[in-house]
Amino acid sequence: MASSSSPSLSSYSPCAACKFLRRKCQPECVFAPYFPPDQPQKFANVHKIFGASNVTKLLNELQPHQREDAVNSLAYEADMRLRDPVYGCVGVISLLQHQLRQLQVDLSCAKSELSKYQNLGDIANTTNLGFNLIGGGGGGNQLLYHHQFFPRDQQQQQQQQQQQIIRGLEGGNNSFDTTGGGFRI
Amino acid sequence: MSSSSSYSNPPCAACKFLRRKCLPSCIFAPYFSPEEPIKFTTVHKVFGASNVSKLLNEIQPHQREDAVNSLAYEAEARLKDPVYGCVGAISVLQRQVIRLQKELDATNADLMRYTNFEQVNNNQIMVNQERSNFQYGRRMVPSYSSSAWNSGISGDQNNIGIDGGSGR
C-alpha cells in the first residue's frame, strides 16, 4: 500500500486567530506561535480591543524573541479592558498605587512601634535603673527615649541611650525628644 | 448676500485625522479636541478608531471621558514600550506590593512577639494591638506574569487585596 505523502489534516490545525478570522492558517502565520487553537478566548479578546491588523503591525515591528511577551501583555490588557471597559489596566495601576501607599504608611507605623519595643527591651536588659520602663508613662515621670535607628551599630546606640537617660535623670529633666528613624522603604 | 450659517464647529481631532465631516453626533468630538491631535493619533494607532467607537458606545456617556483618557494613557504606554505597554508598570507595582507586604508581615510578627510577651508578664494589653494586626480587604488584582495566559489569569494568584475603595 503506497504511503500517503500528504500530511494528515490534524497536524495543520489552524491557530486560534485564523480559526476566528476564518482563513487558512499559513505556515508563516504571525499569530500561530502565540495563539494556539486551544486558547480561542485569548485571540477573541485581543481582536476585540486591538484588532487583528493592529496586532499584526505591532508584532511585525518587534524582534521574534519579544513577540511572546508582547502578545501576553496585549492579552492581559485586553482582558482587563473587557472586565473594566472604563479604566482597563489603568484601573489596576491606580489600585496598586493605592495599595502601595497604604502599605508604606502601615509599614512605617509598624516599624516605629517595633523600634519602641526594641529600645525598651534593650534598655531593660542592659540597665538596672529600677524603673518600670514598660508602660511607665503618666505624670511627671514620662520618659521619652531618644531614638536613633542604626541597626548595624546597636551596641553604640545602647550606650548612647543609656548615657542620655542617666544625664537626663541627673539633671532633673525627664523629657527627651524622640525623633523617628528614617525608615526607607 | 445670503446669510448662510458659515459658522461651524471645527472638526474634532478624530474627524480631522480620518478626513471626514465631523457631525454634531460625532462620538469622538467631546473627547478629542482639535487642539490635541496627537491624543487621537496615538489611540487610533494602538486600538483603531472603530474599536474605540464601539467601546465608547457600550459605556455610559458620563464614563466616556475617563474611558478615553485611560485608552490614551494605555496607547501612549504601548508606543513607548511596544513589548509590555502599561503592563510593565503593573508588573513592577505588583512586585513592590508583594515585597512590602512580606516586610510588613515580618514586622507584625516581631510586634506580636513583643506584645504577647508583655501580655504574659504584665497582664496588660499593649497599645495599638489593633494596629499590629494590619488587615487588608480581600479585593484581588489579577496578577500579571509573562506566562499569565499559560497558567490562567486568575484573581487568586495575588493574595494581596485592598479595601473596597479604589485609588481612583
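Q: How many helices and strands are there in chain B?
A: Chain B of this predicted model has 6 helices and 2 strands.

Q: In what order do the elements of chain B run?
A: Starting at the N terminus, the order is α-α-α-α-α-β-α-β.

Q: And what does chain A come to in helices and strands?
A: Chain A has 6 helices and 0 strands. Its elements, read from the N terminus, are α-α-α-α-α-α.

Q: What percentage of the residues count as buried in chain B?
A: 39% of the 168 residues of chain B are buried. For chain A, the figure is 42% of 185 residues.

Q: What about accessible surface, chain A to start with?
A: About 10700 Å² for chain A, with 49% of that belonging to carbon and sulfur atoms. Chain B has about 9900 Å², and carbon and sulfur atoms make up 52% of that.

Q: What share of the contacts in chain A join residues at least 24 apart?
A: 54%, counting contacts between residues at least 6 apart in sequence. In chain B, residues 24 or more positions apart account for 47% of the contacts with a separation of 6 or more.

Q: Switching to helix packing. How is a pair of packed helices described?
A: By two quantities, the angle between the axes and the distance between them.

Q: OK, at what angle do H4 of chain A and H4 of chain B cross?
A: Roughly 175°, and the axes come within 13 Å. The helices span residues 64–83 in chain A and residues 64–80 in chain B.

Q: Parallel or antiparallel, then?
A: Roughly antiparallel, because an angle over 145 degrees counts as that, and this applies to H4(A) and H4(B).

Q: Which residues meet there?
A: From H4(A), the residues are A:Ala70, A:Ser73, A:Leu74, A:Glu77 and A:Arg81. From H4(B), they are B:Ala67, B:Ser70, B:Leu71, B:Glu74 and B:Arg78. The residues of this contact divide into 4 nonpolar, 2 polar and 4 charged.

Q: Is B:Arg78 buried or exposed?
A: B:Arg78 is buried, because its relative accessibility is 1% and anything under 20% counts as buried. B:Arg78 lies in helix H4 of chain B.

Q: What is B:Arg78 in contact with?
A: Leaving aside neighbours within four places in sequence, its contacts in chain A are A:Leu58, A:Ala70, A:Ser73, A:Leu74 and A:Glu77. In chain B, they are B:Val46, B:Val83, B:Tyr84 and B:Gly85.

Q: How many residues apart along the chain are B:Arg78 and B:Val46?
A: They are 32 residues apart, with 7.5 Å between their C-alpha atoms.

Q: Which helix pair in chain B brings those two residues together?
A: H2(B) and H4(B): B:Val46 is among the H2(B) residues that meet H4(B), and B:Arg78 is among those on the H4(B) side.

Q: At what angle do the axes of H2(B) and H4(B) cross?
A: Roughly 70°, with the axes coming within 8 Å. That makes the two helices roughly perpendicular.

Q: New residue. Where is B:Asn51?
A: B:Asn51 is in helix H3 of chain B, residues 49–57. With 13% relative accessibility, B:Asn51 counts as buried.

Q: What does the side chain of B:Asn51 reach?
A: The backbone oxygen of A:Ile49, at 3.3 Å. The side chain also reaches the backbone oxygen of A:Phe50, at 3.4 Å.

Q: What does B:Asn51 touch, not counting residues up to four places away in sequence?
A: A:His47, A:Lys48, A:Ile49, A:Phe50 and A:Gly51.

Q: Last topic, backbone angles. What is phi of A:Arg22?
A: Near 55°, which is positive in a residue other than glycine. Most residues other than glycine have a negative phi.

Q: Where does A:Arg22 lie?
A: In the loop between helix H1 (16–21) and helix H2 (40–49) of chain A. A:Arg22 is exposed, at a relative accessible area of 79%.

Q: And B:Arg19, what is its phi?
A: B:Arg19 has a positive phi near 55°. The residue sits in the loop between helix H1 (13–18) and helix H2 (37–46) of chain B. B:Arg19 counts as exposed, at 78% relative accessibility.

Note on methods:
Residues are numbered from 1 along each chain as its sequence is written. Chains are lettered from A and ligands numbered from 1 in the order in which they are written. This is a predicted model: local features need pLDDT of at least 70, side-chain atom pairs count only at pLDDT 80 or more; totals for chains, interfaces and linings use all residues. Side-chain values use heavy atoms; hydrogens and water are left out. Helices (H or I, at least four residues) and strands (E, at least two) are DSSP runs, numbered from the N terminus. Buried means under 20% relative accessible area, exposed over 50%, partly exposed in between (1.4 Å probe, protein chains only). Contact means heavy atoms within 4.5 Å. Accessible areas come from the Shrake-Rupley method with a 1.4 Å probe; for residues, only the protein chains shown count as cover. A polar contact is a pair of N or O atoms within 3.5 Å; within protein, one must be able to donate a hydrogen and the other to accept it, and residues adjacent in sequence count only if both atoms are side-chain atoms. Axes are lines fitted to C-alpha atoms, for helices over the stretch in contact, and angles run from 0 to 180 degrees between N-to-C directions. Angles under 35 degrees count as roughly parallel, over 145 as roughly antiparallel, 65 to 115 as roughly perpendicular and the rest as oblique. Ala, Val, Leu, Ile, Met, Phe, Trp, Tyr, Cys and Pro count as nonpolar, Asp, Glu, Lys and Arg as charged, and the others, Gly among them, as polar.
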